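Visitor: I have a chain open here and would like to go through it. Could you take my questions as they come?

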Amino acid sequence: MKIESLLADLDSDDATRVEAAVEQLAAQPDRVVPELLRSVAGVQRTVDLKPVVRALRHIGPPAFDRVLAASRRKELTGWQTHRLLGAFDERCADQYAALAADPDHEESSNGFQGLVRLRVDSDAGLTALVGCFARGRRIPFKASDYARLLHDSFRARLRAVRRDLSAAPTIRRGAMAALVAGGGVDALDDRDRAAIQRLIRVKIPHETPRLPDATLSGWWMAVPGETYEGVFEALGLHDREPVTVSAGVEASETMEIPVPGPDGAGRTVGRAFITPELNGWRLVFGPFDLLVGEPWDGMFETVERLSLHCGQAQFFFLDDAGGSDVWLVAQDGRVIRQYVAEGDPEWEGDPLPWETAAVDHPDDDAPSHAGTMGARSACRYLSVDPGEVGPETEMRGHGWLALTEPGVGHGAFPGTLRI
């Protein structure tokens, strides 16, 4: 019987015909699978692959091996391989795990995609996970998802690998990375957490600070270095931990996550990064919606509240696409100078000394906006320009990573941070 007839029978409303077609397809994989794969030559649309995908799924493990072999012979495009290897069910769980363990990034990614889709909990899957993190290169697609998905099941076994002195050091490091990828630093035992904290303390004094680039958009706040402790209460931050600048910047730019609240209702939590003291100032970065709230009223209220706790506070907001350029200076709970531009700039408050000094010919009749610049220029006069922070910046102390909600823990955030 021709392959086309068998594929047509798979779509039949007659259960007997479907069952007969499945039996015939599964009985002769050596003939059927090569013909199926030849039929997809030039196919570029998922919808056109559906009949072949359905047939491969029915054939099962023998088809998996033949698809993989055809891919390695370059008889399939990468896109076709990705789609066809997504056809198989739990009968191919071991084959997905073996593929995930492959050192080739693309093949390993296809394996982890199958493990995630099938939610496979196996020692082979765990071994593949540890191996990909142990290699220390680019992590395969879906490997981190797999670590999070199976974290509750894998945690004890991964901790055991960490303490197995017979395991190679690279494997033990891979187990540690898999633990952090699945459950954050909180997934580590006390011994490993202490080791991470020691590593952070060692790296901090030798770090060259690099802050987020605000080329297209960005926001941050600045407070005097000697009064920065007020930031935590003013912004409602919790569970602060010492952190390197590189890790703090990365954490502050990651997505917020939903977590259950104490009353059963959902809540959203993010991470804020308070920099080390940089030329006498500490800068604050993090999720705008959680730290500030409403774009306009929230900015004024937040910077005023922050200045109550720190004596002075500055707020900077840039959005080139939307045309927004804002900076605010608050002293002891009140905004004393502001620049707001959405189209035409607007000013309020008395000009600051550096503004009038920027005028070519200052005199007593200079308008209130004399010498006023946008946020990208004003920040370097007011405190610190994030874009100019680098080897020449005087840095004191260390940065802090804090959470916007209590009782969550840093381990709630998926993925690893570069220390």
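Visitor: In which loop is the place of Lys74?

Guide: Lys74 sits in the loop between α5 (61-72) and α6 (78-85). Helices (H or I, at least four residues) and strands (E, at least two) are DSSP runs, numbered from the N terminus. The model is predicted, so local features need pLDDT of at least 70 and side-chain atom pairs count only at pLDDT 80 or more, while totals for chains, interfaces and linings use all residues. Residues are numbered from 1 along each chain as its sequence is written, and side-chain values use heavy atoms, with hydrogens and water left out.

Visitor: What is phi of Lys74 near?

Guide: Phi of Lys74 is near 65°, a positive value in a residue other than glycine.

Visitor: Is Lys74 buried or exposed?

Guide: Lys74 counts as exposed because its relative accessibility is 71%. Buried means under 20% relative accessible area, exposed over 50%, and partly exposed in between (1.4 Å probe, protein chains only).

Visitor: And Asn279, what is its phi near?

Guide: Near 50°, which is again positive in a residue other than glycine. Asn279 is in the loop between β6 (277-278) and β7 (281-285). At 43% relative accessibility, Asn279 counts as partly exposed.

Visitor: Zooming out, how many helices and strands are in the protein chain?

Guide: The protein chain has 19 helices and 13 strands. Of its 419 residues, 48% are buried. Taking contacts in the chain with a separation of 6 or more, 67% are between residues 24 or more positions apart. Contact means heavy atoms within 4.5 Å.

Visitor: Now helix packing. At what angle do α3 and α4 pack?

Guide: Helix α3 (residues 29-38) and helix α4 (residues 46-59) pack at about 155°, and their axes are 11 Å apart. Axes are lines fitted to C-alpha atoms, for helices over the stretch in contact, and angles run from 0 to 180 degrees between N-to-C directions. The two helices, α3 and α4, are therefore roughly antiparallel. Angles under 35 degrees count as roughly parallel, over 145 as roughly antiparallel, 65 to 115 as roughly perpendicular and the rest as oblique.

Visitor: Which residues of α3 and α4 meet?

Guide: From α3, Pro29, Val32, Val33 and Leu36 meet Val52, Ala55, Leu56 and Ile59 of α4. The contact of α3 with α4 has eight nonpolar residues, no polar and no charged. Ala, Val, Leu, Ile, Met, Phe, Trp, Tyr, Cys and Pro count as nonpolar, Asp, Glu, Lys and Arg as charged, and the others, Gly among them, as polar.

Visitor: What about α11 and α12, how do their axes cross?

Guide: The axes of α11 and α12 come within 9 Å and cross at roughly 155°. That makes α11 and α12 roughly antiparallel to each other.

Visitor: Which residues in α11 meet α12?

Guide: His151, Arg155, Leu158, Arg159, Val161 and Arg162 do, and their partners in α12 include Ile171, Arg172, Met176 and Leu179. The contact of α11 with α12 divides into seven nonpolar, three polar and five charged residues.

Visitor: Which residues in α12 are buried?

Guide: Among them are Arg172, Gly174, Met176, Leu179 and Val180. The cover over the buried residues of α12 includes α9 (123-134), α10 (143-149), α11 (151-162) and α13 (190-203).

Visitor: What follows α12?

Guide: Gly184, with a positive phi near 70°.

Visitor: Switching to strands, where is Ser217 found?

Guide: In strand β1 (residues 217-224). Ser217 counts as partly exposed at 40% relative accessibility. Leaving aside neighbours within four places in sequence, Ser217 is in contact with Leu318 and Asp319. Ser217 and Asp320 are 103 residues apart in sequence, with 5.9 Å from C-alpha to C-alpha.

Visitor: And in which strand does Ser324 lie?

Guide: Ser324 lies in strand β9 (residues 324-331), and at 6% relative accessibility Ser324 counts as buried. Beyond its neighbours within four places in sequence, Ser324 is in contact with Phe317, Leu318, Asp319, Ala341 and Glu342.

Visitor: Last one: why is Thr302 counted as buried?

Guide: Because its relative accessible area is 0%. Thr302 is in helix α17 (residues 297-310).
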